[in-house]
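User: I'm new to this structure and would like to learn how to read it. Could you take me through a few features, one at a time?

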Amino acid sequence: MWHGCWRTTAWRWWPPSASPPACWRSSGAPRRTWSSTEHPADQHILLHNEQSYNSNWPLRIVFCCERPAERGGRTPLADSRRVLAALRPETVERFERLGVQYVRNYIPGISLSWQETFQTEDRAEVAAYCAAAGITHEWCDRDQLRTRQYRPAVRRHPLTGERTWFNHALFFHVTSLPEEVAEGLRAAFGDEGLPYHTYYGDGTPIEDATIAELRAAYADATTGFDWERGDVLLVENMVTAHAREPYEGPRRILAAMCDPIGSLPSDVREGTAA
């Protein structure tokens, strides 16, 4: 962590043409910088490793505090290597063998529409993108898109070779929503139609006991970062998950992703589905 102004020319920044994560918004700052989130201030953002569900992700994220919250707004940090080490061997073995399957339904008014997400009205362009990214897609009715993608649950850091828990299995699991919200979505859409949900890579449900185990492992590995104006926080994305606690008053944290890296071809299995 640094105070005040800080710069570097040693890293490769996330391409300006690349879309930021869905929860990030343009900050009005330089093109490679975004405000970290516009998620409602009274809600938690769960621990996650940025873009771990994609075939490309940043090795590092730089956060800068332009304005700390009046109350709350800490950034929890969890060592993903410790998370992995805390899990039972049988849990790790199953996730390493099967991976994680991410299922998304693009439901306007509840999540982004497919047109907003893919920035096109052309279904052929959606199909081409999905094929290139190792994503299975299907049209469930006249204009309802569902995608599935397989990703590993455990990866090795490209520089250190360390194994790390690197996925969004818990983050996107429906039970990570407030209980009343999860129950309402399940009643309305069923598990298959949820805006976001996760399974083992073969499409089988992740057991409640395993979800509880994941939550406990994250909790044991977590510490908190309290922001002051001018703070700069460098997060090593493949070994550190980050989150956000609720807050009161204005808060502005800028973020930039750098050192992009992509999956090995064997990491992406096109067509894996339930």
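Analyst: Happy to. Let's begin with pairing: two strands pair if DSSP finds at least two bridges between them. Strands (E, at least two residues) and helices (H or I, at least four) are DSSP runs, numbered from the N terminus. Keep in mind that this is a predicted model, where local features need pLDDT of at least 70, side-chain atom pairs count only at pLDDT 80 or more, and totals for chains, interfaces and linings use all residues. Residues are numbered from 1 along each chain as its sequence is written, and side-chain values use heavy atoms, with hydrogens and water left out.

User: Which residue in β10 is the bridge partner of Ile135?

Analyst: Gln149 is the partner of Ile135. Another pair to look for is Trp139 with Leu145 in β10. In total, β9 and β10 (residues 145–151) run antiparallel and are joined by 5 bridges. A hairpin of 5 residues links β9 to β10.

User: In what order do the strands of that open sheet come?

Analyst: The order is β9-β10-β8-β13, 4 strands with antiparallel pairing. At the edges stand β9 (135–139) and β13 (196–200), each with a single partner strand, so one side of each has no neighbour in the sheet. For angles, axes are lines fitted to C-alpha atoms (for helices, over the stretch in contact), and angles run from 0 to 180 degrees between N-to-C directions. Neighbouring strands here are turned by 20 degrees against each other on average, direction ignored. Helix α2 (residues 89–98) packs on this sheet, where it touches β8 (100–105), β10 and β13, and its direction makes about 105 degrees with that of β13.

User: What is the strand order in the open sheet that contains β16?

Analyst: That one reads β4-β16-β7-β14, again 4 strands with antiparallel pairing. Its edge strands, β4 (45–48) and β14 (222–225), each pair on one side only. Between β7 (residues 75–79) and β16 (residues 240–244) there are 3 bridges, and one to find is Leu77 with His242 in β16. Lying across β4, β7, β14 and β16 is helix α6 (residues 208–220), at about 50 degrees to β14.

User: Is Tyr218 buried or exposed?

Analyst: The general idea is a scale: buried means under 20% relative accessible area, exposed over 50%, and partly exposed in between, using a 1.4 Å probe and protein chains only. Tyr218 counts as buried because its relative accessibility is 5%. You'll find Tyr218 in helix α6.

User: Which residues does Tyr218 touch?

Analyst: Contact means heavy atoms within 4.5 Å. Not counting residues up to four places away in sequence, Tyr218 touches Leu47, Ala78, Val83, Trp165, Asn167, Leu170 and Ala241. Tyr218 and Ala78 are 140 residues apart along the chain, yet their C-alpha atoms are separated by 6.5 Å.

User: How do I read a polar contact, and which one joins the side chains of Thr120 and Glu125?

Analyst: A polar contact is a pair of N or O atoms within 3.5 Å; within protein, one must be able to donate a hydrogen and the other to accept it, and residues adjacent in sequence count only if both atoms are side-chain atoms. The one between the side chains of Thr120 and Glu125 is 2.8 Å. A polar atom of the Thr120 side chain also lies 3.0 Å from the backbone nitrogen of Asp122. Thr120 sits in the loop between α3 (114–118) and α4 (123–133), and counts as buried because its relative accessibility is 11%. For comparison, the side chains of Tyr218 and Trp165 make a polar contact of 3.3 Å.
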